Amino acid sequence: MREKEQKGDNMEQDLELDEPIPEKLIEKKKIQSIDELPGIGPATVEKLLQAGYTSLMSIAVATPAELVGATEMSEATAKKVIAIARTNLEMEFLSGEELLKKRQQCLRITTGSKALDTLFGGGVETGAISEAYGAYGAGKSQIAHVLAVRCQLPVEKGGAGGMAVFIDTESTFRPERIVQIANNLKMDSQEVLRNIRVARAFNSDHQALLAEKIEDLIKKQGLPIKLVVVDSLMAHFRAEFIGRGTLADRQQKINKHMHALMKLADTYNLAVYVTNQVMARPDTFFGDPTEAIGGHIVAHNSTYRVYLRRGKKGTRVAKMVDAPNLAESEAIFQIEEAGVRDT
Ligand SMILES: Nc1ncnc2c1ncn2[C@@H]1O[C@H](COP(=O)(O)OP(=O)(O)O)[C@@H](O)[C@H]1O
Ligand SMILES: [Mg+2]
């Protein structure tokens, strides 16, 4: 202990001997997830996760005694991490008027099907994450292609007048499909293709990193991105964490990834559309034996959740499962060469 203290003293002295660091270079790193909290090690992070403390928010609202109980950390440490979590949370109060103004800036990207647009409250909303989940072949990726084209339409024609980023985890992006959809809308298909930036994500870390790089496209390259697609959100996470790592670890990563997406949506008023798979629920005897993977983390982070399935005679049925201000409802639509349309 003494040795450590002495070492610490020396380090401080070393620093003092150096040239003073210019103010602007000392970038205060903002803490975004609990594994970045200072003074707690990986074992404690693991215990926190296992006890359900997966976000800074959950730490910020905890009492010191609760954290001590969950992790055996000292009360002083608990108080410290709570204080740090609180200062790192953005707790700004907006007036109702400001919020309404913000809401009014939201754009809606239409799909080509009135029924599907209505289900989404007028189209896929900017400033939010919309999640479509369902079985293989349900139409999740088709809608992604349609949105990547239609987001480029001017606002008055049901678009958002911007570009699309497509994070492709399963190699499902098909430029030929974009051309078909664009041609049908009498858009210049080559230009439409140029306005879509596609990145193949090779694993979940790569996927998360790509999402973080989108800000550079907007800020550094000045690209007017209005849609971010992640197709599929969970495929890598699911594949990688089977038999490796812990559930808590996985949830932490997904949480961080989705927060990054939400921050993009909010900061740049763009739409995020993610697709998700379903897992069979053998324990469900009644109702629909399917549920989106990713559990509560994905559910809580998605603003809109739509369940897609095949309907009668080649139709598709979309069901709004979770939306902040919309009633649960269903829409029937069709996938065709031109994109999607009402039946
Ligand atoms: N050009 C097209 N014309 C009509 N239907 C199409 C076309 N391309 C794909 N589809 C339909 O879309 C389905 C695939 O949907 P997709 O969005 O890839 O499903 P998933 O939910 O697995 O992402 C195909 O089975 C087919 O029914
Ligand atoms: Mg797909």
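Helices (H or I, at least four residues) and strands (E, at least two) are DSSP runs, numbered from the N terminus.

**View 1. Overall fold of the predicted model.** By that definition, the protein contains 14 helices and 13 strands. Of its 343 residues, 38% count as buried. Among contacts between residues at least 6 apart in sequence, 66% link residues at least 24 apart.

**View 2. Surroundings of ligand 1.** The shell around ligand 1 consists of G134, Y136, G137, A138, G139, K140, S141, Q142, I335, E336 and E337. Two elements, α8 (140–150) and β12 (330–336), each give two or more residues to this shell. Helix α8 provides the largest share, three residues. By residue class, the shell comprises three nonpolar, five polar and three charged residues.

**View 3. The largest nonpolar core.** This core has 65 residues, of which L147, A148, L227, V228, V229, A271 and V272 touch the most other members. Its largest share, six residues, comes from α8, the helix that also gives the largest share of the shell around ligand 1. In soluble globular proteins, nonpolar side chains tend to be buried together.

**View 4. Contacts of A271.** Residue A271 is among the members of the largest nonpolar core that touch the most other members. Leaving aside residues up to four places away in sequence, A271 touches I109, V124, E125, T126, A128, S130, C151, A160, K226, L227 and A265. One of these partners, L227, is likewise among the core members that touch the most others.

How values were computed: Residues numbered from 1 in each chain as written. Chains lettered and ligands numbered in written order. Predicted model: local features only at pLDDT ≥ 70, side-chain atom pairs only at ≥ 80, totals over all residues. Near = placed C-beta within 6 Å. Nonpolar A, V, L, I, M, F, W, Y, C, P; charged D, E, K, R; others polar. Core = buried A, V, L, I, M, F, W, Y, C linked by C-beta atoms within 7 Å. Buried ≥ 20, exposed ≤ 12 C-beta atoms within 10 Å, placed from the backbone. Contact = placed C-beta atoms within 7 Å.
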